[in-house]
Amino acid sequence: MALAEAPPAHAGWETVRGFGGGAGTAAWLVRPTVEDEVRAAVTGPGAAGSPGAASGLIARGLGRSYGDAAQLAGGCVLDMTAMDAFELDATGGLVTASAGASIGALLRRVLPAGWMLPVVPGTQHVTVGGAIASDVHGKNHPSAGSFGAHVRALGLLTAGGEVHELEPGGERFEATVGGMGLTGVILWARIALEPVGSQFLAVDTTRVRCLDDALALLRPDAAARHRVAWLDLLGPRPGRGILTSSEHMGEPSPSPRPPGAAPLTVPERWPAGLLRAGTVRALNELRYRRAPRGERGRPQPLTTHMFPLDSLEAWPRLYGPAGLLQYQFAVPHGEEPTLEAVISGLGRARVPCFLATLKALGEAPGGPLSFPLAGWTLALDLPAAAAGVGRMLDAFDELVAEAGGRVYLTKDARLRPEALRAMYPRLAQWQRVRDAIDPDRLWRSDLSRRTGLTTADGR
């Protein structure tokens with residue numbers, strides 16, 4: 001098929017922002033519907049002179065990166081969501097999906113057929129391309145690893161317009177999984193599924209009195225596959241919380257609620273200041289008191305349990321026009337004092353944390369920029385407008401780096417270049433492979449510019 005003579009007509013300047021909100025940046029947004037349109041936007045006649053192309057390109061999915069990983073000020077952003085076809089091989093337990101297909105769309109097809117994606121993040125509104133670029137992890141990382149561990153092959157369109165089929169074990173595959181979209185455009189992926197007997201989970205719920213109790217129940221050798229702890233960091237004993245653990249039910253269960261549109265949406269012009277520490281403190285107290293001390297085996301629809309925040313669409317708007325910062329970091333086993341230091345530092349800085357979740361992580365995957373490492377990960381939702389939040393997080397970065405940990409780039413909106421280099425010791429290896437794929441450094445993002453991810457000087 002001949003290349004288009006110009007970038008696709010469905011394009012124009014738009015403001016693009018991360019899921020955490022904030023001002024965003026203006027980019028030339030292109031919405032390809034077929035592979036040829038992607039190639040034309042990258043290399044076709046007129047592409048080099050199209051608005052934004054000279055400043056680089058980055059692919060984008062459903063925009064669930066909290067920070068600036070899927071945007072490029074003054075550059076070209078490829079919105080891949082229209083390329084959402086997929087095909088299920090129900091006999092072989094494989095699904096081959098275009099990059100724009102969402103986790104939710106796949107689940108709606110594979111669950112009734114008796115299959116499950118082995119790894120899902122905390123929201124169904126993530127595309128296959130985004131899940132690979134971020135190498136997302138779930139509540140079962142110690143047993144299942146991250147998303148990339150189940151990708152059997154992927155198609156990558158590089159800066160020269162060639163499409164490469166990459167398989168696990170190769171340098172380019174490992175650089176792309178967790179590579180934040182900076183090796184090229186992921187076009188499709190073949191993903192191995194796992195069989196399940198039900199669309200329900202059996203969920204255990206336990207109240208924990210402190211951080212140590214949560215860590216003990218989250219230990220990697222615990223029986224249940226899916227485990228996460230919600231921590232109340234505004235209450236009288238910071239670190240108390242609610243731990244849930246779950247397993248797939250072995251017997252079929254009737255009429256689960258399928259994943260679908262969120263029933264409620266936060267209005268676009270939600271006033272600043274309505275989400276207050278005092279209000280959240282009271283709600284946290286109610287949530288903690290209402291949770292059972294020790295409940296076992298309650299059936300819950302898989303999508304209800306796995307994606308609780310999807311019940312409220314655009315929920316970061318609750319934080320007002322400035323949005324939220326989600327600070328997620330990981331530290332190795334033996335560095336639990338770093339978790340305690342961060343929680344204590346929040347209290348001293350008087351920066352309210354409205355949501356905190358703690359999970360265990362298993363062995364690190366193969367990708368040089370993949371986030372997980374054997375240890376613990378703590379995710380904190382913080383008001384971006386809170387006084388002193390930037391200085392506080394800079395101090396946390398130092399603690400995390402000294403502990404041999406790292407910040408999750410998909411959630412990041414403010415990491416400094418020196419912190420990135422300290423946290424990701426295989427950065428130079430990744431840059432070498434990336435530069436071999438893209439010697440002209442076409443693929444860029446606001447994240448890569450800000451952190452110096454693609455080049456030492458941040459260009």
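The model described here is predicted. β13 and β19 (residues 355-361) pair in the antiparallel sense, over three bridges. Leu 231 also stands opposite Gly 241 in β14. Strand β14 (residues 240-248) runs antiparallel to β13, and seven bridges join the two.

Strand β13 spans residues 226-232, and seven of its seven residues are buried, so the strand is largely enclosed by the rest of the structure. In a regular strand, side chains alternate between the two faces of the sheet. Both faces of β13 are covered. On one side, His 226, Val 228, Trp 230 and Asp 232 are all buried.

An open sheet is formed by four strands, in the order β1-β2-β4-β3. Its pairing is mixed. Strands β1 (11-16) and β3 (57-60) are the edges, each pairing on one side only. Neighbouring strands of this sheet are turned by 40° against each other on average, direction ignored. β1 and β2 (residues 25-30) run antiparallel and are joined by six bridges. Within this pair, Glu 14 stands opposite Ala 27 in β2. Helix α1 (residues 35-43) packs on the sheet and touches β2, β3 and β4 (76-79). The direction of α1 makes about 175° with that of β4.

The chain averages a pLDDT of 90, and 91% of the residues score at least 70. Over residues 1-7, the pLDDT is below 50. This stretch has 14 contacts in the model beyond near neighbours in sequence. Where pLDDT is low, the predicted coordinates should not be read in detail.

How values were computed. Residues are numbered from 1 along each chain as its sequence is written. This is a predicted model: local features need pLDDT of at least 70, side-chain atom pairs count only at pLDDT 80 or more; totals for chains, interfaces and linings use all residues. Side-chain values use heavy atoms; hydrogens and water are left out. Buried means under 20% relative accessible area, exposed over 50%, partly exposed in between (1.4 Å probe, protein chains only). Two strands pair if DSSP finds at least two bridges between them. pLDDT is the predictor's confidence in each residue, from 0 to 100. Contact means heavy atoms within 4.5 Å. Axes are lines fitted to C-alpha atoms, for helices over the stretch in contact, and angles run from 0 to 180 degrees between N-to-C directions.
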